[in-house]
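Welcome! Have a look at the model below, and then we can walk through how some of its parts pack together.

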Amino acid sequence: MTGTIIVTGANGSLAIPAVRHLLEKYPDYTAVLTVRKTEDSDANTKRLRETIASFPKAQTSIRQLDLANLSAVHDFANTIAAEIADKKLPPLASIVCNAYYWNLARDPELTADGVETTIQVNHISHVALVLRLLGSFGPEGGRIVLFTSDGHFSGKNGLEKYPPGIPDDLDSWLKATPDADKLGRGFERYANSKLAVLMWGYALNRYLEKNEELRKITAIVIDPGNLTDSRALRTNSPKFLQYVQRFALQPLRPILRFVDPTLRTAADAAVDVVELATNKAYPGERGYLKQLKREPSSPDSLNEDKQQKLWVKSAEWAKITKDNTALAGSI
């Protein structure tokens, strides 16, 4: 199976080696690579462009997409759907929802839509993108790759100070107030967003499986591990995390892995993601993976009543209606 693979946040720490692996091992795919800034003045986009330049025969394009702007996400989905309908792009084979945001060092920030940035970028905008484009997959189906974290599971991440959980008032996630504990509250917002991604992914799979036309599309929600060379530890994070990465996690990773096997490089995780996106790993299967292993997710994440409430709210937040998704029966 070939087709178009969309990768969001394509200039990220995991995404660039993923793009390289995709173009090296699976050159027949068309890659649509989205970034917030397409100019080479962005060092990460420049590195992405240099990476794909090594594959002159590859079918790739770098597209601008700001997940902090929901209207832009819908416009992008319209553009991709139209290009596929006009045969300018092959049908979709995969959407890799790689882009992320966290803020562990400053007061919470709001998007252009007035929504707390972490939940919008990590969850809401990917909900919009996926549900808008389900109808653009080919008859062979394909794969949605969503990203969670061990932060979704209370007690599993050393940065946790406040346990993640689904609030009774889901709309409370959309707002955030300044707090003196920027690291603790920032990580709580991040962990909650990753819990939301996971629970929504479970619900998505149930609806896809029930739909005769879409059941060949499967969603995998992967915890790719704790990436010791990720830019995340140097972006919107306190100085001490940057020092930990530079002087402990990076040089001592081979030793530290004996204590914490989730520690790995972004390049290692990138291979897993591409094998999932191309449906070579766990072909036709659904659900949660910790790296590439079947392990149970948190008890809270498995609550189907809460999954359903989150599904309904997520569609509302993402401005998904019966008229703009192929999964209309779920809305």
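In helix 4, H123, I124, V127 and L131 meet L310, W311, S314 and W317 of helix 8; contact here means heavy atoms within 4.5 Å. The residues of this contact are six nonpolar, two polar and no charged. This is a predicted model, in which local features need pLDDT of at least 70, side-chain atom pairs count only at pLDDT 80 or more, and totals for chains, interfaces and linings use all residues. Residues are numbered from 1 along each chain as its sequence is written, and side-chain values use heavy atoms, leaving out hydrogens and water.

How do the two helices cross? The axes of helix 4 and helix 8 come within 9 Å at roughly 85 degrees, so the helices are roughly perpendicular to each other (angles of 65 to 115 degrees count as such).

| Helix | Residues |
|---|---|
| helix 4 | residues 117-133 |
| helix 8 | residues 304-317 |

The largest nonpolar core has 58 residues, and I95, L131, L134, I144, W200, L204 and L327 touch the most other members. Such a core is a set of buried Ala, Val, Leu, Ile, Met, Phe, Trp, Tyr and Cys residues joined through side-chain atoms within 4.5 Å, where buried means under 20% relative accessible area (1.4 Å probe, protein chains only). Helix 5 gives the most to this core, with eleven residues. Beyond its neighbours within four places in sequence, L204 is in contact with V130, L131, A219, W311 and L327.

Helix 5 itself is mostly covered, with 23 of its 29 residues buried.

Methods: Axes are lines fitted to C-alpha atoms, for helices over the stretch in contact, and angles run from 0 to 180 degrees between N-to-C directions. Helices (H or I, at least four residues) and strands (E, at least two) are DSSP runs, numbered from the N terminus. Angles under 35 degrees count as roughly parallel, over 145 as roughly antiparallel, 65 to 115 as roughly perpendicular and the rest as oblique. Ala, Val, Leu, Ile, Met, Phe, Trp, Tyr, Cys and Pro count as nonpolar, Asp, Glu, Lys and Arg as charged, and the others, Gly among them, as polar. Buried means under 20% relative accessible area, exposed over 50%, partly exposed in between (1.4 Å probe, protein chains only).
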